[in-house]
Amino acid sequence: MHSGIIPSVLEILDANSIRVLREKAQVPLPEVSAMILVETDGYTDGETIYQMEKVIGVFEKNRATSVQQADSPQEAEKLWKLRKSIGSLAARLRTNNVSEDIAIPISKVPDLLLAISTIVERQGLPFVVFGHAGDGNLHPRIMYERSDPDQVKRLRRAVEEIFQFTCAMGGSLTGEHGIGISKAPYMALEHDAVALDLMRSLKKLLDPRNI
């Protein structure tokens, strides 16, 4: 972002996502902490290529282990298929899974990746993290067995700790999916009592019968 380039897509995969792709899909990926997928666009090929060259320059300056550039739409589609397949591949690790969509300031993404790993590993559950690095919206997907009360308890504990860390870092419980029923109990982590009362009063004004 500081280089003046705003990619059209900027996705991130954590070490567990990479491991799942390597082991379950036999994709020859390096053993690294994270992988970033970037796409640029523009009015001309030259503009798009110029932007991508700047992005690759930033990667190299920050000592990326390796950089792979797609030379055709088909190669680009292969890379995106990897990103899109992570959720279904990881879901095979256990019968059930929970996927969150927490958001955090972009500069804090590395801190959140590390925190999620520490929190979920402490609970002994398999997980992957992927998401949109360009806006700090990450999707930790945690696998568990719903039939096992202990695993359910550990899952809930992990999710609550992730929410607590995210909000403490100035983030949000949800980046794109909304609060819904499952996240309602955690709203006080993100909003103070005054803000919540205001929301309730607006709700009552617009929906007096609570439909």
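Helix α2, which spans residues 45-61, contains Q51; helices here are DSSP runs of H or I with at least four residues, strands are runs of E with at least two, and both are numbered from the N terminus. The structure is a predicted model, in which local features need pLDDT of at least 70 and side-chain atom pairs count only at pLDDT 80 or more, while totals for chains, interfaces and linings use all residues. Residues are numbered from 1 along each chain as its sequence is written, and side-chain values use heavy atoms, with hydrogens and water left out.

With a relative accessible area of 10%, Q51 is buried (under 20% relative accessible area, with exposed over 50% and partly exposed in between, for a 1.4 Å probe and protein chains only). The side chain of Q51 reaches the backbone oxygen of D41 at 2.8 Å. Apart from neighbours within four places in sequence, Q51 is in contact (heavy atoms within 4.5 Å) with I5, I6, T40, D41 and G42.

M35 sits in strand β2, residues 34-39, and touches E11, I12, L13, I18 and L29, not counting residues up to four places away in sequence.

What, then, of the nonpolar cores? In soluble globular proteins, nonpolar side chains tend to be buried together. A nonpolar core is a set of buried Ala, Val, Leu, Ile, Met, Phe, Trp, Tyr and Cys residues joined through side-chain atoms within 4.5 Å. The largest such core has 28 residues, of which I116, V120, L138, I142, L155 and I162 touch the most other members. At least two residues of this core come from each of α4 (109-122), β4 (127-132), β5 (137-144) and α5 (149-168), and α5 gives the largest share, seven residues. Leaving aside neighbours within four places in sequence, V120 is in contact with L125, F127, I142, A158 and I162. A second, separate core of 14 residues includes I18, V20, L29 and V128.

Finally, the second largest pocket is lined by A184, M187, A188, L196, M199, R200, K203 and N210. A pocket is an open set of points on a 1 Å grid over the protein atoms alone, where a 1.4 Å probe fits, with protein on both sides within 12 Å along at least five of seven lines; lining residues have an atom within 4 Å of a point.

Note on methods: A polar contact is a pair of N or O atoms within 3.5 Å; within protein, one must be able to donate a hydrogen and the other to accept it, and residues adjacent in sequence count only if both atoms are side-chain atoms.
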